[in-house]
Amino acid sequence: MRRAFVEALTQAAEQDPRVVFLTGDLGYGVFDDFVARFGPRYINAGVAEAQLVNAAAGLAREGFRPLAYSIASFMTGRPFEQIRFSIGYPSLPVILVGAGGGYCYSSSGVSHHAPDDFALMGLVPGMTVVAPGDPNEVRALLPQLLELPGPSYIRIGKFGEPTYDAESPVKLGHARLLRKGERIAVLTTGEMAPLALDALPALAKEGIAPIICQFHTIKPLDTAALKTLATRVHTLIIVEEAAPSGALFSGIRDWKQATGCDVRLIRLGPSEDFVLGNPHRETLRRTAGFDTRAIIETCRAEWPFSRPP
Amino acid sequence: MTLVAQGIHTPEIAMLERKARAIRASVVQMAFDGKEGHLSASLAYVDLALALYHTWLRVDPKNPGDPNRDRFILSKGHGCTGLYAVLADRGFIPRSALRDYNIPGKCLPNHPCQHAFPLLEMSAGSLGHGLGVATGMLVGLRLKGSPARAAVLMGDGECNEGSVWEAAMFAAAQRLDHLVAIVDYNGIQAVGKSDEIMGHTSLARKFEAFGWSAREIDGTNMKSIVDTLSSLPFEKGRPSAIVARTRMGVSFMEGDVLWHYRKPSAEELARALAELGERPIQLED
């Protein structure tokens, strides 16, 4: 995804002289080509995230379209006050890029875990929050974020993630149908999408065909898609690598509460506890119950039920 | 306090000194009418703001949105009445608007809000943001080829914030010599004396160590302020810092932490106005 991000960034910078890239001293070697081509439009603010965000705010005030880049935990929690006050309050079009959100850096320890990035960014009024699931979604979403009049946050992964095809294009603010199905729907965000797709062959052997729908946009939540899904399935299985509060599941739970919709909700995702012991990401997903196997088992368990009368 | 500078006075300096007394009168009046204190933060930098708006900033009340205007940011937003009064005096807003200070829904809230008062370069109230935002603005202005400069006024208490020093490092690295940071060194912050709280070290030496060119000046001496501003930038390729030792300018308020929050009584208002000897400008129209 980072390669896709740099390519999309470079393309945007070619087309729009307002695009400026600021890094919090991260991305060694990744932006060399960008630096060579766009020189002064690359700014290393140093290991100083408060300044990274305030400088981006100043650039946005002068009509630029700055992107601020750091590791997700340092991009969101650390400069939260600057994001809220200097970018959110005046609603400036700054794109905050959180590399390695969720438990991307699970084995690096709690300092590098960012399960709270969606929640923190979602708290900022007017902030658009997106989590692409593959490099293609990164390429498609970035130009759309650059069109926004206000701030946005994008969580991106590492390098070499698999790509997938889908039934519908990547449209900011709209849930993306990845696979058609019936009775139950698996709703994913960010890098959970390929985990859900990986569950399909095993499920197909048992005649189980859930809808797979990728919510790359967490805020604003695509409630129109939820409404449609709720008329077609009895259960929504929401898979997220995020804190239980303030991400996709809690947004959908709030929507259910507000609308009185009777669709069943199941969440697969980590608990709110600090993850200690520096586990590998796959181990964490398995033990916390949000890997492909957990998706298969949950779909299998929910498939026989019908919608309550 | 006396604002009579030593040495030769030009008529302009004398005019600014008189204005400073009127602006201070306006500020005390606003605190009384608006029932909101922050007098120490608002009174002490009045001379600095007047000197900036009358001698240094290239700004025009008839064209306040000029893309090449110099940017002024009052980063310590709680001391906003001084700025409001100077803007009124300079013709950016009607003098009568000062009577609306701290009335809910009006354009001059007790912490400056750009949504209420769009002429501001940014909102303020949360300390430590102005310098960093100004550095971003200046990098942007440089990319656009604009000659605009920026002045950021901060409190000495505000310089407790780490983000100030992150911004200071960035400004030096980016060689922003069209940036001046002015510290209103009144020696007082919310609940104590700033030197005691942050360990008695020189702010000017801190800025120097961060790659700036810094000067300490008497922030109550109008001629000294004007002369200092006229010599900006102090050094080519480096941002400039002015650490201005200031006083509130009302004798019975000087040096007392109490006046960070305290609202003046009717009697204290009368006493301050009598001492200043000028009428608040909001009462003139």
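Predicted model: local features only at pLDDT ≥ 70, side-chain atom pairs only at ≥ 80, totals over all residues.

Trainee: How many residues of chain A are in contact with chain B?

Mentor: On chain A, 22 residues are in contact with 22 residues of chain B. H3(A) provides the largest share, with 9 residues.

Trainee: And by class, what does the side of chain A that touches chain B have?

Mentor: It has 13 nonpolar, 6 polar and 3 charged residues.

Trainee: Now the sheets. What is the strand order in the open sheet of 7 strands?

Mentor: In chain A the order is S2-S1-S3-S4-S6-S5-S10, and the pairing is mixed. Strand S2 (42–44) and S10 of chain A are the edge strands, each pairing on one side only. From one strand to the next, the twist averages 20 degrees.

Trainee: What packs on that sheet?

Mentor: H3(A) does, touching strand S1 (19–23) and strand S3 (65–71) of chain A. The direction of H3(A) makes about 170 degrees with that of S3(A). H3(A) is also the helix that gives the largest share of the side touching chain B.

Trainee: In which sense do S5(A) and S6(A) pair?

Mentor: Strand S5 (residues 128–130) and strand S6 (residues 152–156) of chain A pair in the parallel sense, over 3 bridges. To give one partner, A:Val130 is bridged to A:Ile154 in S6(A).

Trainee: What about the sheet of 5 strands?

Mentor: That one is also in chain A: an open sheet with the order S7-S9-S8-S11-S12 and mixed pairing. Its edge strands are strand S7 (176–179) and S12 of chain A. Neighbouring strands are turned by 25 degrees against each other on average, direction ignored. Helix H12 (residues 292–302) of chain A packs on this sheet and touches S8, S11 and S12 of chain A. The direction of H12(A) makes about 165 degrees with that of S11(A).

Trainee: Which strands pair with S8(A), and over how many bridges?

Mentor: S8(A) runs parallel to S11(A), joined by 6 bridges. S8(A) also pairs in the parallel sense with strand S9 (residues 211–214) of chain A, over 4 bridges. Towards S11(A), A:Val186 stands opposite A:Ile237, and A:Thr188 stands opposite A:Val239. Towards S9(A), the bridge partner of A:Ala185 is A:Ile211.

Trainee: How many residues of S8(A) are buried?

Mentor: The strand is mostly covered, with 5 of its 6 residues buried.

Trainee: Let us turn to H10(A). What span should it have, and how far apart are its ends?

Mentor: Helix H10 (residues 248–259) of chain A has 12 residues, which at 1.5 Å a residue should span 16 Å. The end C-alpha atoms are 16 Å apart, so the two values agree.

Trainee: Which residues of H10(A) are buried, and which are exposed?

Mentor: A:Leu248, A:Phe249, A:Gly251 and A:Ile252 are buried. These four cover an arc of only 165 degrees around the axis, so they lie on the same side of H10(A). On the other side, A:Asp254, A:Gln257 and A:Ala258 are exposed.

Trainee: What covers the buried residues of H10(A)?

Mentor: The cover includes strand S8 (183–188), strand S10 (217–219), helix H9 (223–232), strand S11 (233–239) and strand S12 (264–268) of chain A. Just after the helix, A:Gly260 takes a positive phi of about 75 degrees.

Trainee: Which residues have a positive phi although they are not glycine?

Mentor: A:Asp25 is one of them, with a phi of about 60 degrees, and A:Ser91 is another, at about 50 degrees. A:Asp25 is in the loop between S1 and helix H2 (32–38) of chain A. A:Ser91 sits in the loop between H5 and strand S4 (95–99) of chain A. A:Asp25 is partly exposed, with 15 other C-beta atoms within 10 Å; A:Ser91 is partly exposed with 17. As background, most residues other than glycine have a negative phi, and most peptide bonds are trans.

Trainee: Where are cis peptide bonds found, then?

Mentor: One joins A:Lys219 and A:Pro220, with omega about 0 degrees. A:Pro220 is in the loop between S10 and H9 of chain A. In chain B, the bond from B:Leu232 to B:Pro233 is cis, with omega near -10 degrees. B:Pro233 lies in the loop between helix H9 (222–230) and strand S7 (240–245) of chain B.

Technical notes:
Residues numbered from 1 in each chain as written. Chains lettered and ligands numbered in written order. Contact = placed C-beta atoms within 7 Å. Helix = DSSP H or I, 4+ residues; strand = E, 2+ residues; numbered from the N terminus. Nonpolar A, V, L, I, M, F, W, Y, C, P; charged D, E, K, R; others polar. Expected span 1.5 Å × (residues − 1). Buried ≥ 20, exposed ≤ 12 C-beta atoms within 10 Å, placed from the backbone. Arc of directions from axis to C-beta. Pairing = 2+ DSSP bridges. Axes fitted to C-alpha atoms, helices over the stretch in contact; angles between N-to-C directions.
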